[in-house]
Amino acid sequence: MNTHPGRLDSEAEAWIKLIEQEISAWHGITPPGIVARRLAAQLRASRDAHDAARPEAAYDGTVTDFAARLAALAAPPPASASTRRTASADAGLAALRDRLRAGEIRSVAALTALFRRIDAQPDHGNVLLWQDRAGAMEAAEAADRRRAAGAALPPLHGVPMAHKDLFAVAGLPLTAGSGHWRAHLAAHTCTVMTRLQDAGSFVFGGLHMADFAQNPTGHNPHWPDCLNPWDAARITGGSSSGSGVAVALGITPAALGSDTGGSIRLPAACCGVTGLKPTWSRVSRAGVVPLCASLDCVGPLALTARDCAILLDAIAGPDAADPTAATWPHGGYEAALGTPVQRLTLAVAPHIWDRGTPADVLAAFDTALRAFAALGVTRREVLVPHWEAMIAYCGTIGRAEAAALHATTMRTAPQQFAPHVAARLYPGYAVPATYYIEAVQNRPMLLDAFCHAVFGAADVLALPTLPGHVPTRAETDMDSGEPGTELAFFATGNHVRPFNYLGLPALSLPIGFDVNGMPIGLQLVGRPFAEATLLMLADAYQDAVGLPPPPA
């Protein structure tokens, strides 16, 4: 055990020296200081988790199947609500879908309106990496012809959307946010895009994202940074940066993102929209550019919880092409909205955010809790076990699996990675195999401990999505190499990463603005496969309180 928090032992120093030598050999350069600092930080985090989780949650050999534990602890499938409320927004996916199905607007007109909105903004927030206007217009015209012919209309008939650019659609660009994939075309269509197509939607563009989904802030040196519509100097959140910005700007009625360590919830919080990370395995990842198989999740970002429910209804479910996709009952998410929430209990854990969350963020959080109380939702304080260990274990798994995924490129074309991406990949080589195995083996036990502590007392855990204010791009620009930027960079995800490690569903919704005029997000976390409960709570809140105004 390292008894000096600011230092590393000789074994760790040897690891760093070896990796730095390999980086020098591969890159032909001396590695930037940020890589060495991140290597040291990763080793410290791994060892801290190793110590923090023992002895009370040590692997005992009795539970080996994490997916089985998720199913065993799952919430029951949703029941349809007795009443159906109208959508909470005049804009967004639900409103557009309903107008298209009612024949109040044609798909061509809806798509043209989106193009006009894009063209009215010179750089449109740097949100679109590519557009397929011709192909989208053909799809819109085909949708209108189906309506004119009296054909049966699928649920998302004629709805145009853009998505994070790691969802493959055969024949269209697929960059994964990498400048070295600018000319890459997808050879196949991933399952979630096939399901959206079957539901009647079509894609018109690929949205900005972090380089290979490798950061929580949205920085990307290969493309101009995506700009937060509330303040261009502040981060958008990542890695689904374009999805959050595009929804906030009304460039797309909704968008898919992916979430490995907060990459749906962070952009949702930073941009003032709603984002849902489903239970790990709830949505197929077949054909989606991966980052970390043990943590990756696919989910929606949209203006409202209702919009997210509509998308989840379209994409959730088992898939023969993805053996990890759960067979647990799915669907009925929108139909469940309007179910009374007054018997639900929210858990709060002040010990998590008492370490420096700003007073204005906590005030907005408390106001939101009072709004839930007015809906009949009770509140109960709980202690969340192993919080720091779960943060570190998530990093241990993420670093090791991402390094393995990109190992060939790291050896043959390392120049493809920016310094901040290298700073996340290379530490994967410094994670001892025993620590990776420990992080994986302890997962079912820590999931059990969390569910017992939280869901033994309440239905849903609530906490601020970000631990502080939305930081600036300069404060989190790891590529500058300034000491301290890596701390701010990674701290943005401290309230979201544990739920990737646990595989639990988590939703971020906007609840107000901070002293800087930036959105504040509240995160709701449920037991396995309790997406319906999270969506019901968020929808009830948005129906009662309303939505924040759009960015100017």
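## Report on a predicted single-chain model

The accessible surface of the chain comes to about 19600 Å², and 55% of that area belongs to carbon and sulfur atoms; the areas come from the Shrake-Rupley method with a 1.4 Å probe, and for residues only the protein chains shown count as cover. The model is predicted: local features need pLDDT of at least 70, side-chain atom pairs count only at pLDDT 80 or more, and totals for chains, interfaces and linings use all residues. Residues are numbered from 1 along each chain as its sequence is written, and side-chain values use heavy atoms, with hydrogens and water left out.

### Overall composition

The chain has 552 residues, of which 61% count as buried. Buried means under 20% relative accessible area, exposed over 50%, and partly exposed in between (1.4 Å probe, protein chains only). The secondary structure comes to 20 helices and eleven strands; helices (H or I, at least four residues) and strands (E, at least two) are DSSP runs, numbered from the N terminus. Among contacts between residues at least 6 apart in sequence, 79% join residues at least 24 apart, a contact being defined by heavy atoms within 4.5 Å.

Two strands pair if DSSP finds at least two bridges between them.

Leu507 has Leu524 of β11 as its bridge partner.

Axes are lines fitted to C-alpha atoms, for helices over the stretch in contact, and angles run from 0 to 180 degrees between N-to-C directions. At 1.5 Å a residue, the 13 residues of α17 should span 18 Å, which agrees with the 17 Å between its end C-alpha atoms; the expected span is 1.5 Å times one less than the number of residues. The buried residues of α17 include Met445, Leu446, Leu447, Phe450, Val454 and Phe455, and Arg443 is also among them.

Three bridges join β1 and β3 in the antiparallel sense, and the bridge partner of Trp130 in β3 is Gly206.

His157 is found in the loop between α6 (133–148) and β2 (160–164). This histidine, His157, is buried, with a relative accessible area of 1%. Residues up to four places away in sequence aside, His157 touches Leu100, Ala143, Arg146, Arg147, Ala199 and Gly200.

### A helix pair

Two packed helices are described by the angle between their axes and the distance between the axes. Helix α7 (residues 191–198) packs against helix α10 (residues 305–315) at an angle of about 105 degrees, with the axes 8 Å apart. That angle makes α7 roughly perpendicular to α10; angles under 35 degrees count as roughly parallel, over 145 as roughly antiparallel, 65 to 115 as roughly perpendicular and the rest as oblique. Val192, Arg195 and Leu196 of α7 make the contact with Leu311, Ala314 and Ile315 of α10.

### Backbone particulars

The peptide bond from Gly238 to Ser239 is cis, with omega near 10 degrees. Ser239 lies in the loop between β3 (202–207) and α8 (241–249). Two residues other than glycine with positive phi are listed below.

| Residue and phi | Loop | Relative accessibility |
|---|---|---|
| Ser281, phi of about 90 degrees | Ser281, between β5 (274–277) and β6 (297–302) | Ser281, 6%, buried |
| His386, phi near 60 degrees | His386, between β8 and α13 (387–405) | His386, 17%, buried |
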